[in-house]
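Here is a short report for someone meeting this structure for the first time. Please look over the sequence and the model before reading on.

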Amino acid sequence: MIRLGTRGSALALAQARWVAERLPGEVEIVPITTSGDERARGTPELTDKSRFVKEIEEALLRGNIDVAVHSAKDMPTDMPSGLLLLTVPGRADPRDAICGAESLDDLADGAVIGTSSLRRRALLLAMRPDLDVRELRGNVDTRLRRLAAGDFDAILLAQAGLDRLGRGGEGCPLDLDIFVPAAGQGCLVMQTRDADEEANRAVSGLPGMTGLTDDTTSDCLGEERDVVRRLGATCNTPIGVHASAVHERSIRIAAFVGLPDGSRWIRDELEMPHPHGAGVIGSYVAERLRAAGADELLAEAERLVAAG
């Protein structure tokens, strides 16, 4: 029996079921309430991405679960000692999607747009400073209900989340090159205890399990997380990073950093040869962004968010 830990939202449970169907033997899905889930109910929010994984990682360390499944974009770049990210399945659609309109160009001047993401807010206002971007929290169903109720003219969600819930047709994906996704968007990751050989073998060491592990996705995710880590970005800093395999030995990275009000931003793109496992392109992109002023921009974003 493998105990698979996950957040308890409809989307997280759908993701966990997808993983459970691909693991050997019997699997028990164990829903765990995280600090991020409590924030959606009005309780105070932690100041970093650990709010979405902290309680799950603690359960893993205690041995209450054997494997954790996370959305990669929720994962901090630093992990507690004793844990490892073991498996990265093939990536789902990484794009953001607009719901309630066919494109950003279709929105009227002053249209009210809902999102809880600083990155999406910064990108929206960098492209359309006339828009009225308002806070929108809750699970996917809650957000779509508020759109249907007329609280917003449109909202932004991850296309992967819509697809996994069987609601993919309700969103219109946005251009990756213009609307840069969050690092890890569309990716799932499996987390285990590094000393748990049985769970590690079950997740990645059995014949026929290649459908759960995708080396290209793993390489791209590693590059994205490296950019975030090297820039010291947090959930209070609007940053987008997306890596894609151009062909077998080359990876292209697009990156965006900006202020929450969209008044200042930096973009970069870089394509380089990428021998498997090299993990160097992200460092080049981070240094290029830093040379263009990313450190100052992200520090200002932190101050603005802290000031409310």
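## Overall build

This is a predicted model. The protein has 10 helices and 13 strands. Its radius of gyration is 19 Å, close to the 19 Å that the globule rule gives for 308 residues, so the protein is as compact as a globular protein of that length. Along the principal axes, the C-alpha atoms fill a box of roughly 55 × 45 × 35 Å.

Of the 308 residues, 50% count as buried. Contacts also reach across the sequence. Among those with a separation of 6 or more, 66% join residues 24 or more positions apart.

## The start of the chain

Strand β1 covers residues 2–7. It is mostly covered, with 5 of its 6 residues buried. With strand β2 (residues 27–32), β1 pairs in the parallel sense over 6 bridges. I2 has V27 of β2 as its bridge partner. With strand β3 (residues 67–71), β1 pairs in the parallel sense over 2 bridges. There, G5 stands opposite A68.

Helix α1 spans residues 10–20. Together, β1, α1 and β2 make a right-handed β-α-β unit. Which residues of α1 are buried? They are A12, A14, Q15, A16, V19 and A20. These buried residues pack against β1, β2 and β3. They also pack against α6 (159–164) and β10 (188–193).

## A strand covered on both faces

Strand β5 (residues 96–99) is covered on both faces. D96 and I98 lie on one side, A97 and C99 on the other, and all four are buried. In general, side chains in a regular strand alternate between the two faces of the sheet.

β5 pairs in the antiparallel sense with strand β8 (residues 154–158), over 4 bridges. It also pairs in the antiparallel sense with strand β9 (residues 172–173), over 2 bridges. A97 takes part in both pairings: A97 stands opposite L157 in β8 and opposite P173 in β9.

## Nonpolar cores

In soluble globular proteins, nonpolar side chains tend to be buried together. Here, the largest nonpolar core has 25 residues. Those with the most contacts inside this core are L231, V257, V285 and L289. Several elements each supply at least two residues of the core: α8 (215–231), β11 (239–247), β12 (250–258), β13 (265–273), α9 (281–291) and α10 (294–307). A second, separate core has 18 residues, including L124, L125, V133 and L156.

What does V285 touch, leaving aside its neighbours within four places in sequence? V285 is in contact with V227, I253, A255, D268 and L270.

## Cysteines

How many disulfides does a search of the whole structure find? It finds 0. C172 is in no disulfide, and the nearest cysteine sulfur, that of C99, is 7.8 Å away. C172 is partly exposed, with a relative accessible area of 25%.

C187 is buried, with a relative accessible area of 2%.

Note on methods:
Residues are numbered from 1 along each chain as its sequence is written. This is a predicted model: local features need pLDDT of at least 70, side-chain atom pairs count only at pLDDT 80 or more; totals for chains, interfaces and linings use all residues. Side-chain values use heavy atoms; hydrogens and water are left out. Buried means under 20% relative accessible area, exposed over 50%, partly exposed in between (1.4 Å probe, protein chains only). Two strands pair if DSSP finds at least two bridges between them. A crossover is right-handed if, with the strands pointing away from the viewer, the path from the first strand over the helix to the second runs clockwise. A disulfide is a pair of cysteine sulfur atoms within 2.5 Å. Contact means heavy atoms within 4.5 Å. A nonpolar core is a set of buried Ala, Val, Leu, Ile, Met, Phe, Trp, Tyr and Cys residues joined through side-chain atoms within 4.5 Å. The radius of gyration is taken over C-alpha atoms; the globule rule is 2.2 Å times the number of residues to the power 0.38.
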